[in-house]
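Reader: I am new to this one. Please show it to me, then let me ask.

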Protein chains: 2
Amino acid sequence: MVRVKVTRARIVDRAYDLLREQGLSTLSMRRVASDLGVRPGALYYHVANKQELLAVVATRVLEDFPASAADVRSAAEAFRTALLSVRDGAEVVSFVQAYRPEIVTPTRTLNRLFSTRLGPRHADWAARTVVHYVLGFVAEEQNRAELLHAGLIEEPPAEAGKPAEAFMFGVDAILNGLPRPAGT
Amino acid sequence: MVRVKVTRARIVDRAYDLLREQGLSTLSMRRVASDLGVRPGALYYHVANKQELLAVVATRVLEDFPASAADVRSAAEAFRTALLSVRDGAEVVSFVQAYRPEIVTPTRTLNRLFSTRLGPRHADWAARTVVHYVLGFVAEEQNRAELLHAGLIEEPPAEAGKPAEAFMFGVDAILNGLPRPAGT
DNA sequence: ACCTGAACACCGTTCAAGT
DNA sequence: ACCTGAACACCGTTCAAGT
């Protein structure tokens, strides 16, 4: 690559593109550095470490998530879409959620949506339930895609076809319970 | 360590103990080898690669999950307990779920439990919803614990105190819907 | 202020050669 | 059959020294 001036913004740009196109396994500090035509140590003048870089990248992954989603179903769907816009998006966001929870903006949006009908404690739990479900669902989708891409597996995603339908089934379950409810 | 004969079983034992005590970041092929007093390459005579090893370790993590859970709530709780019995348990199982889904036995147990009141398609989706939720929930718990242990974070788990209660709130939501239901 | 050079302490995996 | 020696192609991070 061309070796222009290295800036924090260019580091993040390159890291984001690397993640989008090649996935988490190719997103290394050394690779970002060499793509920018610079030695690995140079990056540490602009970012504290890899985790901080990942946190900023996660922010970008979630940046076109509509903060003003009208309802929980569409918020969940938009969250999944944002995660799928990048390879290994769920894994990155999942990690960042532990490291810097405030970066996972869908949690706040969901919290607000639930607050209209639940108390603060339950709204918080409900928001986190949806977030955990979405991250778990998409993580499996993407992990399988990566393994398939790496040739370490060959089956198509189990029952294939309609992951969007299976996904929404889970969201609806959280909201309204499973079809034909019955306790325990 | 003592350098007895290396066997597949001893490799798995050491890997499992390493995971339990030190977490995924210390579980390396080289570390397992040196603990067994052997060169890294020797392991590859007994296991194909690290992923296969992780799959076997995941089996052990889930081995005291009671296959005969009586209801979904206690199955979910037992699943979470099994994941928590080892550091980074959720991350390992989450990966293995994409690599070898059949190893994640709670999916089958849940499927069976749901089959008594749902058709096969919905029972499958319902089981996967619970599995995704549990993996997402525990992954956050454990990631935060690891970051805290590494000194990369210092807050206690957000609202602390009762993760078990928050966890069950989510399980109950999936089963019966949120408190005071209301579509979308 | 910003970057290089060079090191430190690691990875997973392969494979000829030894026993 | 099982393991060593040694390599290949990597990691993240630090830090004196240069400009």
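**Surface, fold and pairing**

Author: Chain A exposes about 8500 Å², and carbon and sulfur atoms supply 54% of it. Accessible areas come from the Shrake-Rupley method with a 1.4 Å probe, and for residues only the protein chains shown count as cover. This is a predicted model: local features need pLDDT of at least 70, side-chain atom pairs count only at pLDDT 80 or more, and totals for chains, interfaces and linings use all residues. Residues are numbered from 1 along each chain as its sequence is written, chains are lettered from A and ligands numbered from 1 in the order in which they are written, and side-chain values use heavy atoms, with hydrogens and water left out.

Reader: How many helices and strands does chain A have?

Author: Helices (H or I, at least four residues) and strands (E, at least two) are DSSP runs, numbered from the N terminus. From that end, the elements of chain A run α-α-α-α-α-α-α-α-α. The count is nine helices and zero strands.

Reader: What percentage of the residues of chain A count as buried?

Author: Buried means under 20% relative accessible area, exposed over 50%, and partly exposed in between (1.4 Å probe, protein chains only). Chain A has 184 residues, and the buried share is 49%.

Reader: Is A:Arg87 buried, partly exposed or exposed?

Author: A:Arg87 has its place in the loop between α5 (72-84) and α6 (89-99) of chain A. Beyond its neighbours within four places in sequence, its contacts (heavy atoms within 4.5 Å) include A:Leu19, A:Gln142 and A:His149. With a relative accessible area of 22%, A:Arg87 is partly exposed.

Reader: What relates the two copies?

Author: The copies are superposed by least squares on the C-alpha atoms of residues with pLDDT of at least 70 in both. Chain A can be laid on chain B with an RMSD of 0.0 Å, by a turn of 180 degrees and a shift of 0.0 Å along the axis. The two copies are thus related as by a two-fold rotation axis.

Reader: Which residue of chain A comes closest to the rotation axis?

Author: 100% of the interface residues of chain A are also interface residues in chain B, so the copies meet through the same surface. At 1.8 Å from the rotation axis (C-alpha), the closest residue of chain A is A:Gly177.

Reader: Which elements of chain A do the buried residues of α9(B) pack against?

Author: Helix α9 of chain B covers residues 163-176. Its buried residues include B:Phe167, B:Val171 and B:Leu175. Within chain B, the buried residues pack against α5, α7 and α8; in chain A, against α8 (120-149) and α9 (163-176).

Terms used. The expected span of a helix is 1.5 Å times one less than its number of residues.
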